[in-house]
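The structure under discussion is shown below.

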Amino acid sequence: MKRFVLPLVGAALLAGAFLSCCSAVPAAAAEKQPLAVMGLAGYDRIRSDIAYVGQISDNPGLDVNLEAVLKLFTRGQGLAGVDKFRPWGAVLFAEESGRPSGFGFIPVSDVAKLSEVLSPLVGQGEDVGGGVMKFGRGRETIFVKQHEQWLLLSNKSESLSDVSGDPSRWLGDLTKEYDAAV
């Protein structure tokens, strides 16, 4: 069984509470308008802006502290396997059932490297078919699927089955103008 251990990064950076309210994305999701979109600029740009904030607040090296925390958390490997230049995001849709649905996405450059970084932290997932891996139990369950050079995350496997194309298209110009935007 393939080792995919990426939900920890997704949950931490895409706000687990946001994903936990999501249910299945219908097949026509690409035709619907999202209720909400959350975007984070690429990690490299955020790190650069943190360095700037450190300089103007007389706290040089603030970005180095971020890197140190990531390396401590990942046993010296940092964000290996994550594409540090493309944006991260999440999309939420309103459904007729009254329950929201959606998914998050993280850009990856090497899934195997990222899996290696996170496997000691989250263990090995369960293959549930269709390229989807399940991690956790009960309310703490998250589903992950690689889609081209992206990792898709949701609390329902059905939310990942109908995503097509580049999921960052949902962000429009948000991450070009802002580091973080909703």
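Of the 5 residues in strand S1 (residues 36-40), 4 are buried, so that the strand is mostly covered; buried denotes under 20% relative accessible area, exposed over 50% and partly exposed in between, with a 1.4 Å probe and protein chains only. Strands (E, at least two residues) and helices (H or I, at least four) are DSSP runs numbered from the N terminus.

S1 pairs with strand S2 (residues 88-93) in the antiparallel sense over 5 bridges, pairing being assigned if DSSP finds at least two bridges between two strands. Met 38 has Ala 90 as its bridge partner in S2. An antiparallel pairing over 2 bridges also joins S1 to strand S8 (residues 180-181), where Ala 181 stands opposite Gly 39.

## Basis of the model

The model is predicted: local features need pLDDT of at least 70 and side-chain atom pairs count only at pLDDT 80 or more, while totals for chains, interfaces and linings use all residues. Residues are numbered from 1 along each chain as its sequence is written, and side-chain values use heavy atoms, with hydrogens and water left out.

## Nonpolar cores

A nonpolar core is a set of buried Ala, Val, Leu, Ile, Met, Phe, Trp, Tyr and Cys residues joined through side-chain atoms within 4.5 Å. The largest has 18 residues, of which Leu 114 and Leu 151 touch the most other members. Helix H5 (111-122), strand S5 (132-135), S6 and strand S7 (150-154) each give two or more residues to this core; H5 gives the most, with 4 residues.

## His 147

His 147 lies in strand S6 (residues 142-147) and is buried, with a relative accessible area of 13%.
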